[in-house]
Amino acid sequence: MKFNTQLIHGGNGEDPTTGAVSTPIYRSSTFHQRTLGGQPKWEYARTGNPTRSALESLMADLEHGVAGFAFASGSAAIHTVFSLFSSGDHFVVGSDVYGGTFRLINKVLKRFGLEFTVVDMQDLEAVENAIQENTVAVYFETPTNPLLQIADIQAIAEIASRHGIKTIVDNTFATPYNQQPLTLGADIVVHSATKYLGGHSDVVAGLAVTNDNEIAEQLGFLQNSIGGVLGPDDSWLVQRGIKTLGARMRIHQENADAVIETLLNDEHIGKIYYPGLDDFPGHDVAAKQMRNFGAMISFELKDGLDAKKFVESLQIIDLAESLGGIESLIEVPAVMTHGAIPREIRIENGIKDELIRLSVGIEDAEDLIADLKQALAQLD
């Protein structure tokens, strides 16, 4: 089954009880058990729910895993994955990660005895050198948030495998439409399904998928034990969004290509971060492991120009956190999504105060370009 067909017919396909082509929303918190002490498929909604199960099965298919797990947010998914490990375990983590992941690591996980070494995942030698005797996993995003850095998934997974450790990849920016880390050697893939998978800025959700049966059993236990599960209504919304992922991503990409051309030719722009540019570091790796380069673009205005004035002058593109929705969203990471990271660390990692991140939506490209041009003109 081809990918775009899988989006619609993958996983459970149709509801096995009724034949409904759209999986019903099963809101029941508990289920009638016919016999005492039996092993019913459904018993309590935290442990399992038919609507959530349909989403989890679909994501396992799309990411080529053996099992998927749906959570109340991307952060809940990441936290549960890290809960596979124990106090004293060490992780090699990418230097450019979502601010919420940075906060989770430094304000929560370190308090429970987990240890972390931060490295630039573009530097394979640095990745290998950071592995210690107690290292259990490598965790990174690609493309990263917000600098769009590209890590070579296959190469890092090979390094991890040689050392007997796991590879965990946050695939939120790429989505399984553009990239499938498990097929490149990763052991676990995580998503903020709030973004492209849901696609309509109307749901908060997280997903994790693995191709390892032992990890799947452990994740299932933790999902039930910790309890940060995705509810049936939100599970249905994410499934509905996934059905149009292929169609949306094609328009996202077309619009991103048009926006890039505009930014490249505008005198107000100092630097553009986008893996689709031939001279962008990591372009060749992205071309190898991604179907397309995606619709996330980061850029810096030239020195002295007012980023605040620019983003507040936009009339169609929304100044808002999040990304991957049908509407175009723009933000200033230093103030918004990455504000939890101390400024000195942000600057060291390349996240300047002037950096702007744009999630290109599926509006008419001409309207987006006109909006960007008029806002940039306000800076003259």
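1. Start with H64, in the loop between α2 and β1 (67-71). This is a predicted model, and in it the phi of H64 is near 60°, a positive value in a residue other than glycine. H64 is partly exposed, with 44% relative accessible area.

2. The setting is the loop between β4 and α6, and L148 counts as buried at 2% relative accessibility.

3. That loop also holds two cis peptide bonds to check. One runs from T142 to P143, with omega near -10°, and P143 is found in the loop between β4 (135-141) and α6 (153-162). The other runs from N145 to P146, with omega near 15°; P146 is in the loop between β4 and α6.

4. H338 connects to this region. It is found in the loop between β11 (329-331) and α13 (343-348), and at 0% relative accessibility it counts as buried. Leaving aside neighbours within four places in sequence, H338 is in contact with N145 and P146, as well as V97, Y98, G99, P333, R346 and I351.

5. Now the helix pair. Helix α2 (residues 50-62) packs against helix α9 (residues 232-243) at an angle of about 35°, and the axes are 8 Å apart. The crossing of α2 past α9 is left-handed. On the α2 side the contact is made by T51, R52, A54, L55, L58, M59 and L62, and on the α9 side by P232, S235, W236, V238, Q239 and I242. Sorted by class, that gives 9 nonpolar, 3 polar and 1 charged residues.

6. Next, the sheet. It is open, has 5 strands in the order β8-β9-β12-β11-β10, and its pairing is mixed. β8 (269-273) and β10 (318-319) each have a single partner strand, so one side of each edge strand is left without a neighbour in the sheet. Further in, β9 (residues 296-301) and β12 (residues 355-359) pair in the antiparallel sense over 5 bridges; F299 has I356 in β12 as its bridge partner. Helix α10 (residues 245-264) lies across β8, β9 and β12, and runs at about 15° to β9.

7. On charges: the count comes to 10 salt bridges. The one between E331 and R357 has its closest N and O atoms 3.2 Å apart. Because E331 lies in strand β11 and R357 in strand β12, the pair ties together parts that are 26 residues apart in sequence. Are these two buried or exposed? E331 is buried, with a relative accessible area of 1%, and R357 is buried too, at 2%.

8. D202 and R240 also meet through their side chains in a salt bridge (3.3 Å, N to O). This pair links distant parts of the chain, with D202 in the loop between β6 (188-192) and β7 (206-210) and R240 in helix α9, 38 residues apart. D202 is partly exposed at 35% relative accessible area, and R240 is partly exposed at 37%.

9. A local pair to finish: E312 and K308 form a salt bridge (3.0 Å, N to O). Both lie in helix α12 (residues 307-313), 4 residues apart, about one turn of the helix. K308 counts as exposed at 52% relative accessibility. Separately, R343, R346 and D353 are linked in a network of salt bridges, and R346 is one of the residues in contact with H338.

Notes
Residues are numbered from 1 along each chain as its sequence is written. This is a predicted model: local features need pLDDT of at least 70, side-chain atom pairs count only at pLDDT 80 or more; totals for chains, interfaces and linings use all residues. Side-chain values use heavy atoms; hydrogens and water are left out. Axes are lines fitted to C-alpha atoms, for helices over the stretch in contact, and angles run from 0 to 180 degrees between N-to-C directions. A crossing is left-handed if the near helix is turned anticlockwise from the far one by less than a right angle, and right-handed if clockwise. Contact means heavy atoms within 4.5 Å. Ala, Val, Leu, Ile, Met, Phe, Trp, Tyr, Cys and Pro count as nonpolar, Asp, Glu, Lys and Arg as charged, and the others, Gly among them, as polar. Buried means under 20% relative accessible area, exposed over 50%, partly exposed in between (1.4 Å probe, protein chains only). Two strands pair if DSSP finds at least two bridges between them. A salt bridge is a side-chain nitrogen of Lys or Arg within 4 Å of a carboxyl oxygen of Asp or Glu.
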